[in-house]
2 protein chains.
Amino acid sequence: MARAGLTGERLVRAGAELADEVGFEHVTVSALARRFGVRTASLYSHLENSQELRTGIALLALEEIADRAADALAGRAGKDALEAFANVYRDYAREHPGRYAAARLRLDPDTAAASAGGRHAQMMRAILRGYDLAEPEQTHAVRLLGSVFHGYVSLEAAGGFSHSASGAQESWAWILDRLDALLRGRPAG
Amino acid sequence: MARAGLTGERLVRAGAELADEVGFEHVTVSALARRFGVRTASLYSHLENSQELRTGIALLALEEIADRAADALAGRAGKDALEAFANVYRDYAREHPGRYAAARLRLDPDTAAASAGGRHAQMMRAILRGYDLAEPEQTHAVRLLGSVFHGYVSLEAAGGFSHSASGAQESWAWILDRLDALLRGRPAG
DNA sequence: GCAAAAAACCTATAGCCATTAGGCAAACGG
DNA sequence: CCGTTTGCCTAATGGCTATAGGTTTTTTGC
């Protein structure tokens, strides 16, 4: 019998795909083993436990989002940068709902410190350099942006807008426009 | 043997307490049965399945939040109302993290329609009457508020601010102040 | 090339969870 | 009281996580 060629990394990657297909909460070691045509116990040579799988998917998602965001931000500033960054979050969540859910997993402090989470915060601060915000306002603004992006994407994913699904795109554009105005300290046009 | 006196409602209420203690994702039919000193199978006379338990907790949380919000909103308008409403969300999530998580559960359309979710939206629109927003701006604003409130509370609960935990209260106040200004269409003071 | 070591996958097992079927006994209605 | 309803029980199935220890394939060092 040919071997499946499992590695921790392949498992995490396949777990991420599985998450997008069936939802992050349904990612199990068993389902993953099934997908590789292998017994469940076999995965435990490559995985400490199921938590490690989930954490791995979360870290992968955080990296992928950070990479996309870094790309999107290159050469942009001001509102342009704000929109590009925001759209990375929203698009990623739509393309990869399972991974996005994983990215919201609560990580233990050490893991979080070693994650791409720091890059996310750094990029937000980079965007805010285009606005005139000193500390502590900048920190407040980072939190505001994080809240709005995550909140909107999460409500949208949860179907929170579906009964009145109309204009989710318009709402998003409006919100970004007003956020930009808010950060500039000027009324919206 | 004296009977435990189980009912669907008591189970949901106890499930909500359990959620606050151990986290919503650890609420299980078994754990609930244990808490009542009863066999797991016994709960299935009062509960269709574990999903119904979770849904029940979600509906309870939505009602509780709506009730608190209605109280908080009474006699208030403008920024005062905005802050009161926002604080209901934040305080509720802090006092009842498990219930709050339950409230974010994705409900099927019928259940959602019968939930207190509609009251939440209605109250947001009531708050926005204190600002000068016609449709479709009002809908956009409802979504913005929902995003910010949920996003902030959720990031805070996930420990997203804990590495730089400082000033979560200040950030919250700043955000509400700027949101108010944004909705008024004027620059922040 | 080849034997020993290492790595990959397997079987077996145990515990916890959800859920169903069917039984006994307590409470309640007449 | 006695029968019926109802509440909780035992028993059993099947899925999931996880550990222990075996076997086979691959690697590696001579």
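Tutor: Start with the contact between the chains. It takes 34 residues from chain B and 34 residues from chain A, where contact means heavy atoms within 4.5 Å. The model is predicted: local features need pLDDT of at least 70, side-chain atom pairs count only at pLDDT 80 or more, and totals for chains, interfaces and linings use all residues. Residues are numbered from 1 along each chain as written, chains are lettered from A and ligands numbered from 1 in the order written, and side-chain values use heavy atoms, without hydrogens and water.

Student: What is the area buried between chain B and chain A?
Tutor: About 2,800 Å², with carbon and sulfur atoms giving 64%. Buried area is the accessible area (1.4 Å probe) that two parts lose on being put together, summed over both. In chain B, B:His140, B:Arg143 and B:Trp174 lose the most area to chain A, together 26% of what that side buries.

Student: How do you know that the copies meet through the same surface?
Tutor: Compare the two sides. 100% of the interface residues of chain B are also interface residues in chain A, so the surface is the same.

Student: What makes the two copies related as by a two-fold rotation axis?
Tutor: Chain B can be laid on chain A by a turn of 180 degrees and a shift of 0.0 Å along the axis, with an RMSD of 0.0 Å. The relation is thus that of a two-fold rotation axis. The superposition is by least squares on C-alpha atoms of residues with pLDDT of at least 70 in both copies.

Student: Which residue of chain B comes closest to the rotation axis?
Tutor: B:Gly151, with its C-alpha at 1.9 Å.

Student: Why is A:Arg143 called buried?
Tutor: Its relative accessibility is 3%. Buried means under 20%, exposed over 50%, partly exposed in between (1.4 Å probe, protein chains only). So A:Arg143 counts as buried. Its side chain makes a polar contact with the side chain of B:Ser171, at 3.0 Å.

Student: Why does A:Ser147 count as buried?
Tutor: It has 0% relative accessibility, so it counts as buried. A:Ser147 is found in helix H8 (residues 137-157) of chain A. Helices (H or I, at least four residues) and strands (E, at least two) are DSSP runs, numbered from the N terminus. A polar atom of the A:Ser147 side chain lies 3.4 Å from the backbone nitrogen of B:Tyr152.

Student: What makes H9(B) mostly covered?
Tutor: Of its 17 residues, 12 are buried. Among them are B:Ser171, B:Trp172 and B:Trp174. The buried residues pack against H8 and H9 of chain A, together with H4, H7 and H8 of chain B.

Student: What span does H9(B) reach?
Tutor: 24 Å from first C-alpha to last, close to the 24 Å expected. The expected span is 1.5 Å times one less than the number of residues.

Definitions and conventions. A polar contact is a pair of N or O atoms within 3.5 Å; within protein, one must be able to donate a hydrogen and the other to accept it, and residues adjacent in sequence count only if both atoms are side-chain atoms.
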